[in-house]
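The stops below go one selection at a time.

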Amino acid sequence: MELFNAILKSGVELAKNIGAKVIVLVYPPSENIDIEFPGLIIIVGRELDVKEGKKIQKLPLPMSIGLENLLNLVAAFLKGKGMIESGEKFVYITENSIGVKVVKENFQAVEGFFDRYEGIVQRVLEIAIELSIEGREGRPVGTIFVIGDTKEVMKHSHQLVPNPFKGHKINIMNPKVKPIIKEFSFLDGAFIISSTGRVVAAGRYLDVDPKKLEIDIPQGLGSRHLASAAITKVTKAIAITLSESGVIRVFKDGKIILEYNPRLARQYF
């Protein structure tokens, strides 16, 4: 803790010197954080029980997505909430390092991503990361998770195979559900997950024609990614896509808002 407190003190001084309005603490080692800073403090963590207030806010994000992607999501959150503008900087502090992040123009301000689905998105990202690295029974797997706006998503989709989750109240937030999701990841189609975390369906085909929509994603991505972009264009859902190459992409409003390959990730922490 002595090292972290010294880093924290230096980070606060750095933030003041460069005129940063925000300090981001990434998985701090303790709940008891003594920090005097006139601006906003964002705490990124999983179990930290820190009281939120006007100057302190928490974001539950998995550090397993890598520091760069995590900071990009924080930047999108800050920009979407109007807490920071493009071109402005914030200071981030990890357990053993300090850095400065510039909020770029192309960071997407994603409405609803954090407010409604934050814990669910985190859990799905964790499952997708594990599937990317481990596969299913040692074999690569590709799949889609569609989160939220379930009623509209179901209208724009149909079952390819009998729904293994029909009639069951299985919630993605239950740690015991993770192996069940992995077991059915071999099914063609998408998992449909409600805004409360209930796994509504698996093996669901998304009935949206991307050719009729203005979809802005890189050329060369396959039908799975086009379907994910399209379903988030016509609904308020978020889609998380895992390709057989191991790349994870998050879609909102028909756009990619996060791209991450766990197999190539460096260890940041």
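In which loop does valine 161 lie? Select valine 161: it sits in the loop between β7 (157-159) and α5 (178-183), where helices (H or I, at least four residues) and strands (E, at least two) are DSSP runs numbered from the N terminus. This is a predicted model, in which local features need pLDDT of at least 70, side-chain atom pairs count only at pLDDT 80 or more, and totals for chains, interfaces and linings use all residues. Residues are numbered from 1 along each chain as its sequence is written, and side-chain values use heavy atoms, with hydrogens and water left out.

Valine 161 has a relative accessible area of 31%, so it counts as partly exposed (buried is under 20%, exposed over 50%, partly exposed in between; 1.4 Å probe, protein chains only).

Next, select lysine 155, in helix α4 (residues 150-155). Its relative accessibility is 56%, so lysine 155 is exposed.

Now go to the largest pocket, which holds about 340 Å³ of space. Among its 19 lining residues, select Ile144, Tyr205, Ser223, Arg224 and Ala227, the closest to its centre. β6 (143-147), β9 (199-206) and α6 (223-234) each give two or more residues to the lining, and α6 has the largest share, 4 residues.

A pocket is found on a 1 Å grid over the protein atoms alone, as an open set of points where a 1.4 Å probe fits, with protein on both sides within 12 Å along at least five of seven lines; lining residues have an atom within 4 Å of a point. Points are joined across faces, edges and corners, and the volume is the space filled by probe spheres set on them.
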